[in-house]
Amino acid sequence: MRSDRTMAVAYTALMAALGFVATYLIKIPNPATGGYSHMGDCMIFLAVVMLGRRSGSIAAAIGGALSDLLAGAAAWVAPTLIIKFAMAFIMGTVIEKAPMAGRRQLAGAAAGGIFQIAAYTLVKIVMIGAGPAVLSIPNVTIQTVVGIVLFAALVNVLMRHAPALFRIRGEVK
């Protein structure tokens with residue numbers, strides 16, 4: 001007998017792991033900040049669509065923060081935990097009324113992405129200074145846009161070839 005709660009935890013953990021892998025393994029260095037760009041945002045957006053606002057946000061926060069921790073960027077763990085959770089939560093809020101509507105998904109990803117760009121810029125101003133923070137805006141913007149584009153392509157393919165993946169949303173509260 002499988003419990004809905006157990007399944008929710010398993011799916012959330014799986015999406016956190018996918019977000020971690022896409023963030024940790026695919027790195028494009030940014031010499032201006034000493035940080036990097038990554039493909040994790042695509043998995044975050046996918047997690048929100050598959051798991052819903054709450055579980056998708058938890059998966060986003062855990063995957064991103066774990067990546068920072070294991071990459072040796074411990075100072076970024078707390079900001080990433082908060083920013084990635086909020087980014088996913090914003091997306092989930094936008095798509096909540098029509099979760100399978102493509103335009104709402106993209107609008108939600110864009111809204112969450114804009115929040116991410118602004119939030120990381122503000123945190124970088126405090127942590128590394130205004131100059132490097134401003135210089136990092138193009139990189140985080142490109143990372144976000146690429147994440148949205150890859151998400152749109154991936155969700156389109158998965159909806160056609162693996163629609164059952166999107167039915168787990170009903171099991172995850």
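These questions and answers cover salt bridges and nonpolar cores in a predicted model.

Local features here need pLDDT of at least 70 and side-chain atom pairs count only at pLDDT 80 or more, while totals for chains, interfaces and linings use all residues. Residues are numbered from 1 along each chain as its sequence is written, and side-chain values use heavy atoms, with hydrogens and water left out.

User: Why is the pairing of aspartate 41 with lysine 84 called a salt bridge?
Analyst: A salt bridge is a side-chain nitrogen of Lys or Arg within 4 Å of a carboxyl oxygen of Asp or Glu. The closest N and O atoms of aspartate 41 and lysine 84 are 2.6 Å apart, so the pair qualifies.

User: What makes glutamate 96 and arginine 53 a salt bridge?
Analyst: Their side chains meet at 2.9 Å, N to O, so the pair passes by the same definition.

User: Why is glutamate 96 called partly exposed?
Analyst: Buried means under 20% relative accessible area, exposed over 50%, and partly exposed in between (1.4 Å probe, protein chains only). Glutamate 96 has 41% relative accessibility, so it counts as partly exposed.

User: How is arginine 53 classed, and why?
Analyst: Arginine 53 is at 24% relative accessibility and therefore counts as partly exposed.

User: Which residues have the most contacts inside the largest nonpolar core?
Analyst: They are Leu46 and Phe151, in a core of 28 residues. A nonpolar core is a set of buried Ala, Val, Leu, Ile, Met, Phe, Trp, Tyr and Cys residues joined through side-chain atoms within 4.5 Å.
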